[in-house]
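Let's take a walk through this structure together.

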Amino acid sequence: MHHNHHHFLHVLKNKELSELYISMALRSFTIALIGIFVPIYLLNNGYSLFEVIIFSIVLNLSHIIFIVPAAKFCAKYGFKHSMFVSIPFLVLFFFMLYSIKIWPIYLVGAIYGINNAFYYMGYNVDFAKSSDKNKRGQEIGTAKIISSIFIVFGPLLGGIILTVFGFKILFTIAAILLFISIIPLFLTKDIHEPFKFNLKDAKLFNFKKDILPYMSYGAETGASSVFWPIIIYFTVLGSYKSLGLTNSLMLLCGLIFMYFTGKVVDKNKRKVLRYGSLLNAIVWLARTLVITPIQVFMIDSIKGISQTLYEFPFLALSYDKAAKKRIIEYTIFRELSIQFGRTVMFIVILLIGEIKLSLFIGSLSSMIYLLF
């Protein structure tokens, strides 16, 4: 325990990383307030499941399209500036959601995808550069703990605000918080030497053996953020507050578990990944059987643990690989693969027309992490 406290202080002494953490935590909290409710908000506003899935596909495709422009922007102006540029797109997205009836729904999805491309390109490269190879598991742990302390109450709070005040107030709070999240990024200089980035010279095929695990990560996290909330809201829970509570419980269990996992990950990333992937696959299969709120709360609490177990080593290995190779190229490859996997998963569900299939895709995807 003493070691963890000591490590926590070590990380916070790294000014570059601690600013990144605080900014990410505020942004994560803002998205946690609203994120899980978006698919249901669209369905409750009269959009069909077909339209919600197309919305998600457009979101991921626009992320894919803007990854290279985001990389070029990072190369020219710096990683923090790339994260900064994502914020107005995110605020615009919330504003368009609030006034959804006057916008084409697919344009709203595209705006969110552009925000993601600029944010994650900047964040992932910055983290790969700023973090310490030997302590990466702990540093990812610290990043997750800091953001989770913020976001653990986000879904529950979001559900309560939605129920009591409605979307207008929730949007206003989110927009204010997003602008605040920019401030920590610029407390130190954006250390940046401009460099040339050219897609033609990028050797993305060098990393092809990692494509399946990243696609699986995209598919599994997509199923988690879009289809699972829809399934439990409409078949079991029936209220924003219960959905928010479920999500908060999942995050809380993950948070408690995180505290103990970072150090273990640095000792044996692949072993932890193996156990986490297997437990996660079982959790997805168990999700096909839930019929009561108590079962949802229980299975999602275990999901918080399984997600922590596979995500820590997965991300740590990912940053190790990025830092070893050409960081920008590897990060582009990674982002493209994740979004491609997510898009494929949405298209499969769209063609087959059975939303519960996403639960089996989540389970299968978890097993593919073992190839990483």
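This is a predicted model: local features need pLDDT of at least 70, side-chain atom pairs count only at pLDDT 80 or more; totals for chains, interfaces and linings use all residues.

Start with helix H10, which covers residues 211-237, and helix H12, which covers residues 269-287. Two packed helices are described by the angle between their axes and the distance between the axes. Here the axes come within 13 Å and cross at roughly 25°. Angles under 35 degrees count as roughly parallel, so H10 and H12 are roughly parallel to each other. As for handedness, H10 passes H12 in a left-handed crossing.

Which residues meet where H10 and H12 touch? From H10 come Glu220, Ala223, Ser224 and Trp228, and they meet Asn280, Trp284 and Arg287 in H12.

Now for the rings. A pair of aromatic rings is described by the distance of the centres and the angle of the planes. How many aromatic pairs does the structure hold? There are 23 of them. One of these is formed by Tyr98 and Phe171, a stacked pair at 6.0 Å centre to centre with 5° between the planes. Tyr98 sits in helix H5 (residues 79-98) and Phe171 in helix H9 (residues 167-182), so this pair ties together parts that lie 73 residues apart in sequence.

Another pair, Tyr217 with Tyr369, is tilted, with 6.3 Å centre to centre and 55° between the planes. Tyr217 belongs to helix H10 and Tyr369 to the segment after helix H15 (357-368), so the pair bridges parts 152 residues apart in sequence. Tyr217 counts as buried at 10% relative accessibility, and Tyr369 is buried too, at 0%. Both tyrosines also belong to a cluster that ring pairs link together, made up of Tyr214, Tyr217, Tyr310, Phe314, Tyr330, Phe333 and Tyr369.

Last stop: Thr30, which you'll find in helix H2 (residues 15-34). A residue is buried if its relative accessible area is under 20%, and Thr30 has 0%, so Thr30 counts as buried. What does Thr30 touch? Leaving aside residues up to four places away in sequence, Thr30 touches Phe94, Ala174, Leu177 and Leu178.

Technical notes
Residues are numbered from 1 along each chain as its sequence is written. Side-chain values use heavy atoms; hydrogens and water are left out. Axes are lines fitted to C-alpha atoms, for helices over the stretch in contact, and angles run from 0 to 180 degrees between N-to-C directions. Helices (H or I, at least four residues) and strands (E, at least two) are DSSP runs, numbered from the N terminus. Angles under 35 degrees count as roughly parallel, over 145 as roughly antiparallel, 65 to 115 as roughly perpendicular and the rest as oblique. A crossing is left-handed if the near helix is turned anticlockwise from the far one by less than a right angle, and right-handed if clockwise. Contact means heavy atoms within 4.5 Å. Rings of Phe, Tyr and Trp (its six-membered ring) pair if their centres lie within 6.5 Å; planes under 30 degrees apart count as stacked, over 60 as edge-to-face and the rest as tilted. Buried means under 20% relative accessible area, exposed over 50%, partly exposed in between (1.4 Å probe, protein chains only).
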